[in-house]
Each structure stands twice: as C-alpha cells, then as structure tokens.
Amino acid sequence: MSDDNNADEHPGRGSEDEVPEEEHPDPGIPLDREESETPSGPPAPAEESDELTDGSDLGSDVTVEAGAEVEPEEEDGLLGGLQIGSTDDIEVPDRLVDQVIGQDDARDIILKAAKQRRHVMMIGSPGTGKSMLAKAMSQLLPKEDLQDILVYHNPDDGNEPKVRTVPAGKGEQIVEAHKEEARKRNQMRSFLMWIIIAVVFGYSLLIAGQLLLGILAAGVIYLAFRYSSRGSDAMIPNLLVNNADQQTAPFEDATGAHAGALLGDVRHDPFQSGGMETPSHDRVEAGAIHKANKGVLFVDEINTLDIRSQQKLMTAIQEGEFSITGQSERSSGAMVQTEAVPCDFVMVAAGNLDAMENMHPALRSRIKGYGYEVYMDDTIRDTPEMRRKYARFIAQEVEKDGRLPAFDEGAMEEVILEAQRRAGRKEHLTLELRNLGGLVRVAGDIARAENAEFTTRDHVLQAKRRSRSIEQQLADDYIERRKDYELSVSEGQVVGRVNGLAVMGEDSGIVMPVMAEVTPAQGAGEVIATGNLQDIAQEAVQNVSAIIKKFSDEDIGKKDIHIQYVMSYEGVQGDSASVTMATAVISALEDIPVEQDLAMTGSLSVRGDVLPVGGVTHKIEAAAKTGLDRVIIPAANEQDVMIEEEFKDQIEIIPVTHISEVLEVALAGEPEKDSLVDRLKNITGSALDRQVGRSSGSPSPQ
C-alpha cells in the first residue's frame, strides 16, 4: 500500500457529505472533511517539536541542589565524586527519557523514532527499561495531533456503523449536543403524547361513555410513543475514543491482551428484536490499537499473542486503520462491522531473546521495515559518571514511591556496590534496574518501619537478606539440610568424589558433589552420567571422555565410567561442571584421592583448557557457606569475582587455566599425583612453567 493513499481509496472513511442530516452534530461544532479523515499507510514523520531538537544531553549529567558538589578528586568513590548528604539533594528530571540510565543506544533510537514516528522492537532481559522507554516515547510525541473517535448509527445498514474523527476535546461536545437535541425532541414527544392521551381518554369517558376503551386506547398510544422514541436515542453517537483530558500522546500497554481487548469488540445483545435491541453502534468497544491512535502501542512478550492477532496487528500497522467487529463468532456482535477506525499508532514491541522465535516473521518485517530493532544491554561499564547516575536512580525510586525515607550516603554506596555485584563482570554495573529498585524499596520499608529519618547502610544490608530470591532461599535451605544429614564433606580425602559448584536461577550458588566410579564393562565400555543432565551437560560428558581417553594408560574401552551428580533434582543445564567431572573420573581411574576441603567450577575444552563460566561470585559464596576452605575457578573469571566482605577471609580463590593445574591442586598423595600430572602435561603439551594454585587470597571486590 503506497504512502499517498487518501480517503477516496477507502470508501468507508467518507466525508461530511455522507453524513445524513439527522446525524450531523450541532452546527456550532462543524465536522469538516479535514477532521474526519485520518491518513493511512506507514507512520508519517511528525512535525519537529521544540523538545526534540537536541537530545544529546539527555541523562548525561546528574543535577544536584545548591550546596551539593561533584569533587573530581573523589570520582573514584562509589558515588562518583558526589558530595551530598542524601537523595534529597539530587534533582530528579521531569521527563522519563531523562531518567533512563545506561541504555544510551536505546534512548537515542527512541528519540529518533519519536521524532519520525517509527516503530521499535526492543529485545533484552526483564527489568532493563523497555516499558519505561516506551512510556518516555509517548511523552515525546506531539499531543496536538490527538483525535477523538465517534461511532454513528447507519440508517442504511444498522450493522455497519459509521466512524468519524474530530480533534481531541470536540467529541464530548458533539455527544452532548446530540443528547441535548434528543432530550428536546423527547420532551416535545412526551408533551404531544400526553395531550393526545388526554383527548382520547376524555372523549371515551365524556362522549362515548366507554371508560375501559379509553384506558386501552391511552395505553396503546403510550406504547407507540415510547417505541418510536427509541429511534431518536439511536441518533446519539458513541464516543469510542476520548482524548479530551489527555496531557500527552496515548500510551496503551497491550501486553497479553486477548483479541477483543487488542483489536476492539462488539458486545453481545441478547435482545435482538422486538424494538428492545441496543443500537449496534452503542455496542462497539475500542481496542488498544484504536486507543493508541496518534500515540504508542506497547506490547511486551510479543510472542505470547496468538498468531491470528499478530496477523491482524500487522494489517493495522500497514493500513493505519482497522474495522471493529465481534470477536466471538457465536455472538450477535459478529454481525456488526464498523467502517475502518483510525489506529495510526507507533508500535513498540518488546520481549526476551526467545520472543523472536514465535513472533510472526511478517509482523517483525513490518516493524523493522518502518523502524528500528535494538538490543537492551544487561550491564554497563562502571565509570564515575554512571555511579552518579545510579545515585540519581535511587533518588528517582524514592520519589516515585513517595513513602520511603531518603537514602543517606552510606545507603546509596551500598546499593551501588550491589549493582556492581549483580553485574557479574569486573568494572561493570547491572542494568536490570527493576530488581535493584526492589532492593531500594525493601530497604526503605525497613527504615520506615523503624521511623528512621534516613535509610542507612544497615537498612540496605538487612534488605539484601530479606529480599533474597526464591532460588537463593532454596539454595540456603539446601545447604543447611545437607549439613544436617552430613551430605557435605569439607575435610579429608576421598577417591572419585569432587565438590562441584552450580547456580540455581540467576543469583543462587550451591555445592553439588560429583562422584565417579570405574567398573569392568560387560560389553563395549561407555560413559554413564546420571543426574537429569540437559543437552549441554551431556555434551560436556563427551568432552571429558575425550580427555580421559587421551591421557589414560588403561584401555577404557573395556571399562564403564559411571558419573553421578548427587542430589541434582532440578537437573544440570550447562557445562560448568566439566572440570569437576574430569577430576572425579581421573581420580577414580588412577585411584588417587581428592582433597575435600576444595570446590571447583569451570568448563573444559577437549584439549584440557579451563574456560570461563557464569555465576562465579555466587558459586564462591556457596562454597564459603558450606564450610569449604578453597575454590578453583577459571583464570578468565578472576576479574568477575565480587564476593561479599564477610566471605573474603573464609575462602581461598585459586585461578587456573588448564586441567593439569586443577589436578595439581585437587589430588592428594604427592608421588602418585606428581606422576599423573607430569604425564598429562607431556601428553597435552600445555604445561605451564610456573606453579599455579597457591594464591594467597581473593582479589579485591572493587
């Protein structure tokens, strides 16, 4: 469909000339052709607004009240050099787009899309600011273009109501004008009815002398007038979309909406005959696409919409208008279909990475063809400027809630430190700010319960304990139960048993022992792994098998290797236990015990290199909680370690790069171990000259 379509190409959109005289609103409120037509096709560029002339400085600085300063020499501090007493000293921007933190690329795209009325698809983790950016976009669109949408009775075909648009605010005036006109007509009809009834009743009583006949005649006249008056009420239009009080362009969140809520619907009418039916135009209900006309339609988890709704949404995007009909095939509303209703919205679709898999490819093509696609960052580099913005984020959350005490300097520093920890990367801050905002609110609630003047660092520390995720609570309970039943071994030496480390959810570490046993094979030898392993974990078993076959002097083709993940009820999804598996199997093959005060994590290549894994901070903390003394991690993850202060002195962190270094640390029995490690080094050719594994402590969490 070309961009230059006009009303002539859409007969259903008609002009004022098509409106019957009795439908036309009050002459003092003209409904002209320009007002009643809405252009179709792809979104047209909006007129340039003064607010959008320059967005380069949006969110770039943190403004503070008089007396608060930014000290350059103290920019390395957790507040980025801000010299403030509390969040009360930080000014919160009025516009949402100025409040966005960290998503510079996405914010720049939203500014461009708002100016040019382009569609946007944002993909990323939950809580990274997708809905906030969509709302910010609605504030940037010009509100001068807003329209009211009216639905009129069609005297030629009652099942095809007519649709008209007028500037925002005029819709109410038109409806009131029609109501006043209908009220006057009804008053005149009532006055005439009572005069006729009086004449007929008087004639029957005084002249004909038939009282009963007079009463019957009066009743018939009354019913006739009441029946005819319904046609007058049907002339009152239905105000489908009312933007009279709208201060910004509409923002409609249609996440998870069913077909009727998204595309509009026509209510079922149980009284379809006998003059008692509701006029069809009064039963029409606007959908989110129509309410978002000249504004923003936001759909999160776009892939959850059923395929037919996605197809119709695609049509609405392309045409800029969409007729409303009953969504239930068995309802009387299915008989009704309005003229095309304007839905000239800007589409903002959002979702996680899996959203693109079940999204209709043609719908995605429409969005991409008329707009932008953007991936939302999970983390951002930790700089003094970003720390100042995070301080402003805390001030924003306090102001938005409206019931929390201001955060003092220590409380803000602790929240920013938590943002560093949750990033999972050295010198980065998390951008999953919804969860971080939850920590702010819990800390504020604790302070408010104590009637404290300010939220302090102690309140934030309490909040971190109270706001643990379900997975973290389960992990802590799991660790305690293992202690009760002596399932955790944190001392001594055991053959074929290694303390592995895993993550539940996103932020909960657990110790998961892996045991291995080698037995004579009844047939061809094989590796048997149990513990509800997923695909990636199964592939990791194959990688470990390759390493074992390469280094072992024994013919393992005649042996079965059994690997068990102890108490892995939730299954194992990743390959971060590869190093643990390899160590357990090698220990069982060579009959060399493994130190039990040690835990380990790391992926393993087929050449024996130890590769980085995720969640290393939470895994180390889980090892410390379990009472272990040392933990082996990939050297590449050393920069990601951000353990809590209380665990620093409890556990020794040993970074490694190769399986030979793991065995050198983990295996007990010096002669046997040295012989095995030397043999493995010679085979792989990846030996390191220096001794690895005797680290004096953990790296600084900063």
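The loop between β10 (296–299) and α9 (307–319) is where Glu301 is found; helices here are DSSP runs of H or I with at least four residues, strands are runs of E with at least two, and both are numbered from the N terminus. This is a predicted model, in which local features need pLDDT of at least 70 and side-chain atom pairs count only at pLDDT 80 or more, while totals for chains, interfaces and linings use all residues. Residues are numbered from 1 along each chain as its sequence is written, and side-chain values use heavy atoms, with hydrogens and water left out.

Most residues other than glycine have a negative phi. Glu301, not a glycine, has a positive phi of about 50°. Glu301 is partly exposed, at a relative accessible area of 24% (buried is under 20%, exposed over 50%, partly exposed in between, with a 1.4 Å probe and protein chains only). Asp591 also has a positive phi, near 60°, and sits in the loop between α17 and β24 (593–595). With a relative accessible area of 58%, Asp591 is exposed.

Now for the helix packing. Helices α13 (residues 433–449) and α14 (residues 457–466) pack at an angle of about 120°, their axes 8 Å apart; axes are lines fitted to C-alpha atoms over the stretch in contact, and angles run from 0 to 180 degrees between N-to-C directions. That makes α13 oblique to α14, given that under 35 degrees counts as roughly parallel, over 145 as roughly antiparallel, 65 to 115 as roughly perpendicular and the rest as oblique. On the α13 side, the contact (heavy atoms within 4.5 Å) is made by Leu439, Val442, Ala443, Ile446 and Ala447, and α14 brings His459, Val460, Gln462, Ala463, Lys464 and Arg466.

Leaving aside residues up to four places away in sequence, Leu598 touches Asn499, Leu628, Arg630, Val631, Ile632, Ile654, Val665 and Ala666.
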